[in-house]
Amino acid sequence: MQQTEIAGPEIAGPEITKLDAEAVNSAARRSPLYAKRRKIFPRRAAGAFRRFKWIVMAITLGIYYLVPWLRFDRGPFAPDQAVLVDLANRRFYFFFIEIWPQEFIYVAGLLVMAGIGLFLVTSTVGRAWCGYTCPQTVWVDLFLVVERFIEGDRNARIKLDAAPWSLQKLRLRLEKHAIWLVIAVLTGGAWVFYFADAPTLAADLVTGSAAPVAYATIAILTATTYTFGGLMREQVCTYMCPWPRIQAAMLDENSLTVTYNDWRGEPRNRHAKRAAASGASVGDCVDCNACVAVCPMGIDIRDGQQLECITCALCIDACDDVMGKIGRERGLISYATLTDYNANMALATGGGSVPIDPARVRNADGTLSGRLAHFSLKKLFRVRTALYFGVWAAIGVAMLVALMLRDRLEISILHDRNPQFVVLSDGAIRNGYTVKLLNMVPEPRDVELRLDAAFPGARMAVTGSDVDADNAVTLRLEPDRLKTLKVFVHTARENLAGSPRDLTFHVSDPKTGEAADYRATFNAPETQP
């Protein structure tokens with residue numbers, strides 16, 4: 001880089017250091033640590049990506065608000081809400097799937113799959129999650145719909161914001177914020193419906209008989225939705241969300257990102273036809289700022305990749321519309337990879353570092369050159385994406401297989417600790433156990449509990465039940481309930497001499513064939529008389 005000499009007296013090194021420090025301190029005093037938010041008034045966009053965002057917004061909001069009201073018949077012994085997080089009974093219901101607390105590994109697996117899926121999506125199409133399906137993006141879009149409906153499009157909102165307060169301005173602002181609050185309340189209300197029977201809880205909320213925690217949760221979510229979606233908007237993405245700072249590690253030269261193709265658009269000129277007639281080299285960009293006007297983050301995509309960009313692609317719609325009006329090919333702003341961008345830039349500069357010449361990327365008839373690099377689907381299939389997809393699919397398949405093969409009947413044993421054994425009056429040794437039988441299906445069933453001992457003469461006694469000669473007892477298990485039993489096992493002392501002291505409690509359902517075992521130990525005195 002060329003440096004310019006400044007004439008003047010020579011200054012010693014220590015004095016330079018002192019002057020530099022004073023300049024830095026002076027600049028720090030002038031620059032505040034917090035920059036006041038600059039209001040952004042995104043213009044209404046139209047095009048393929050905007051239509052896709054409408055579809056995604058309708059689907060995601062529909063799922064969020066309507067799913068708690070869906071019914072699924074699980075029989076008379078289980079709730080009929082299709083998706084329910086039943087904290088009171090420690091259950092999670094998802095249509096035909098029921099998850100117990102000890103099976104939280106499935107929820108953890110889904111979270112891991114979501115993380116890996118986010119890596120996969122980002123490495124292929126950039127921040128598509130942020131631009132289309134992130135709750136912050138969806139609710140900001142919803143709030144902007146209300147804002148445009150009441151206050152008008154971009155220019156009208158800018159004019160209203162700059163105008164002095166009047167009855168008309170006050171009325172419009174009150175209407176907007178009132179609707180925002182209604183949406184925020186509905187958002188908080190929809191969330192609590194996932195944790196209780198929705199119709200019952202809705203009636204309780206209206207009559208004031210719901211639990212205080214329900215009202216507190218709705219109040220908190222109302223405040224956060226209203227603040228994040230209506231007031232902070234892009235600041236949440238820029239300053240609060242960690243993903244913009246992580247995504248760089250997920251991208252590579254073959255990842256699709258929203259890109260301004262300056263090899264085609266530069267140099268910009270608002271009077272392109274006049275400049276072209278005079279023989280000047282001009283690009284396709286007419287510097288209309290349409291891409292800036294529609295951006296919900298308020299950035300200029302022509303400045304290159306930026307942390308604030310959520311790749312919503314609305315700038316593509318805006319630019320394509322302008323290109324169509326001036327008779328130029330669409331795609332001045334497009335999804336592109338760094339590999340394709342560099343190849344096209346080399347073509348526009350002749351392979352060197354000379355200024356961009358848009359004529360190099362066009363044929364004699366003015367159409368874009370066939371030598372330009374274009375994205376192909378095969379670039380999506382590379383080592384990184386294959387690795388992400390392979391891990392993601394493997395976890396999903398493993399969870400699905402485990403879910404389908406899991407037993408819905410469990411047994412656990414707790415040996416009495418004090419005393420560990422009892423010597424009966426006839427000299428026999430007795431051990432006590434707390435047996436827990438878990439029925440994980442929403443219907444009652446009869447099961448058989450059987451004792452198998454490694455030593456002879458062992459007899460089982462179940463409190464409140466009669467045990468047959470085969471050390472077996474039939475028990476009734478209530479639907480989705482844990483049954484706790486007190487079980488005693490005794491045997492003559494001489495039966496333990498030289499024999500293993502292992503016990504196996506075996507529980508089975510004769511109708512379904514499900515079974516579970518638990519190995520326990522029989523304690524006895526170390527010395528024999």
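Which residues in helix 7 are buried? In this predicted model, where local features need pLDDT of at least 70 and side-chain atom pairs count only at pLDDT 80 or more, totals for chains, interfaces and linings use all residues. Residues are numbered from 1 along each chain as its sequence is written, and side-chain values use heavy atoms, with hydrogens and water left out.

Back to helix 7: the buried residues are Lys169, Leu172, Arg173, Lys176, Trp180, Ile183, Ala184, Thr187, Gly188, Gly189, Ala190 and Val192. Buried here means under 20% relative accessible area, exposed means over 50%, and partly exposed is in between (1.4 Å probe, protein chains only). Helices (H or I, at least four residues) and strands (E, at least two) are DSSP runs, numbered from the N terminus.

Next, the nonpolar cores, each a set of buried Ala, Val, Leu, Ile, Met, Phe, Trp, Tyr and Cys residues joined through side-chain atoms within 4.5 Å. The largest one has 34 residues, and Val258, Ile301, Cys315 and Ile333 touch the most other members. At least two residues of this core come from each of helix 4 (128-133), strand 4 (257-260), helix 14 (290-294) and helix 15 (314-325). Helix 15 is the top contributor, giving 7 residues. Leaving aside residues up to four places away in sequence, Ile301 touches Val258, Tyr260, Cys291, Gln306, Cys309, Cys315 and Ile333. There is also a second, separate core of 28 residues, and Ile429, Leu449, Leu475 and Ala524 are among them. As background, nonpolar side chains in soluble globular proteins tend to be buried together.

Some nonpolar side chains sit on the outside, though: Phe96, Val397, Leu400, Val401, Met404 and Leu405 form a surface patch with about 660 Å² of accessible area together. Patches are made of residues with over 30% relative accessible area and no salt bridge, joining like charges within 9 Å and nonpolar side chains (Val, Leu, Ile, Met, Phe, Trp, Tyr) within 5 Å. The areas come from the Shrake-Rupley method with a 1.4 Å probe, and for residues only the protein chains shown count as cover. Met404 belongs to helix 17 (residues 383-405) and counts as exposed at 51% relative accessibility.

On the charged side, the structure holds 37 salt bridges, a salt bridge being a side-chain nitrogen of Lys or Arg within 4 Å of a carboxyl oxygen of Asp or Glu. Asp161 pairs with Lys39, the closest N and O atoms being 2.7 Å apart. That pair links distant parts of the chain, with Asp161 in helix 6 and Lys39 in the loop between helix 1 (13-30) and helix 2, 122 residues apart. Asp161 is partly exposed at 23% relative accessible area, and Lys39 is partly exposed at 46%. Both Asp161 and Lys39 belong to a salt-bridge network that also takes in Arg44, Glu147, Arg148, Glu151, Asp153, Arg157, Arg173, Lys176 and Arg233.

Lys379 and Asp340 form another salt bridge, with closest N and O atoms 2.4 Å apart. Lys379 lies in the loop between helix 16 (338-348) and helix 17 and Asp340 in helix 16, so the pair ties together parts 39 residues apart in sequence. Lys379 is buried at 18% relative accessible area, and Asp340 is buried at 5%.

A cis peptide bond joins Glu266 and Pro267, with omega about -10°; Pro267 is in the loop between helix 12 (262-265) and helix 13 (272-277). The bond from Asn418 to Pro419 is also cis, with omega near 0°, and Pro419 lies in the loop between strand 6 and strand 7. Thr311 is not a glycine, yet has a positive phi of about 50°. This residue is placed in the loop between helix 14 and helix 15, and Thr311 is buried at 5% relative accessible area.

Notes:
Contact = heavy atoms within 4.5 Å.
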